Amino acid sequence: KLEGLKTIAVTTNGINLTRLLPRLKEAGVNAINISLDTLVPAKFEFIVRRKGTSLSSKATVLILAGMLCLLYLQVNCVVMRGFNEDELLDFVDFTKDLPLDVRFIEYMPFDGKYCFEILHGME
């Protein structure tokens, strides 16, 4: 641990969190940001590009990480029109009684070329 350092955080999609959590905690991690953009299993598999990923076990990880390991836990949800904006109230309902914070983030498509042109005053 470094003197004066109060928070060591990681951001994860949570897939390997149960396996890695003891080592992360041992290394001094005391906060976890979990990217969870959907509560629908098929959409989650699409986002993480892995078939057979159990969303229910992911929800269990959220609860266990926050409650048993006494870590600060935050869920980041990128809201995307036509994909998951209909799940916002479900997220609130899912997390309202859990010891974590949920942050809804606006999806901002990134086109590197367009951004580069703006930064350099090109049209």
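Predicted model: local features only at pLDDT ≥ 70, side-chain atom pairs only at ≥ 80, totals over all residues.

Residues are numbered from 1 along each chain as its sequence is written, and side-chain values use heavy atoms, with hydrogens and water left out.

Let's begin with the sheet. It's an open one of 4 strands, in the order E1-E2-E3-E4, with parallel pairing. Helices (H or I, at least four residues) and strands (E, at least two) are DSSP runs, numbered from the N terminus, and two strands pair if DSSP finds at least two bridges between them. Strand E1 (9-12) and strand E4 (101-106) sit at the edges with a single partner strand each, so one side of each has no neighbour in the sheet. From one strand to the next, the twist averages 20°. Further in, E2 (residues 31-35) runs parallel to E3 (residues 72-79), and 5 bridges join the two. If you want a spot to look at, Ile 34 has Val 75 as its bridge partner in E3.

Now bring in helix H4 (residues 88-95), which packs on the sheet and touches both E3 and E4. Its direction makes about 165° with that of E4; axes here are lines fitted to C-alpha atoms, for helices over the stretch in contact, and angles run from 0 to 180 degrees between N-to-C directions. Thr 95 belongs to this helix and is buried, at 7% relative accessible area (buried means under 20%, exposed over 50%, partly exposed in between, with a 1.4 Å probe and protein chains only). Leaving aside neighbours within four places in sequence, Thr 95 is in contact with Leu 100 and Val 102, contact meaning heavy atoms within 4.5 Å.

In soluble globular proteins, nonpolar side chains tend to be buried together.

The whole structure has 3 salt bridges, each a side-chain nitrogen of Lys or Arg within 4 Å of a carboxyl oxygen of Asp or Glu. Lys 43, Asp 86 and Glu 87 form a network of them. Asp 86 reaches Lys 43 with its closest N and O atoms 3.8 Å apart; Asp 86 lies in the loop between E3 and H4 and Lys 43 in helix H2, so the pair ties together parts 43 residues apart in sequence. Lys 43 also meets Glu 87, at 3.2 Å, N to O. Asp 86 is exposed at 58% relative accessibility, whereas Glu 87 is buried at 3%.

Glu 87 has another partner: its side chain makes a polar contact with the side chain of Thr 38 (2.8 Å), a polar contact being a pair of N or O atoms within 3.5 Å where, within protein, one must be able to donate a hydrogen and the other to accept it, and residues adjacent in sequence count only if both atoms are side-chain atoms. Thr 38 is in the loop between E2 and H2.
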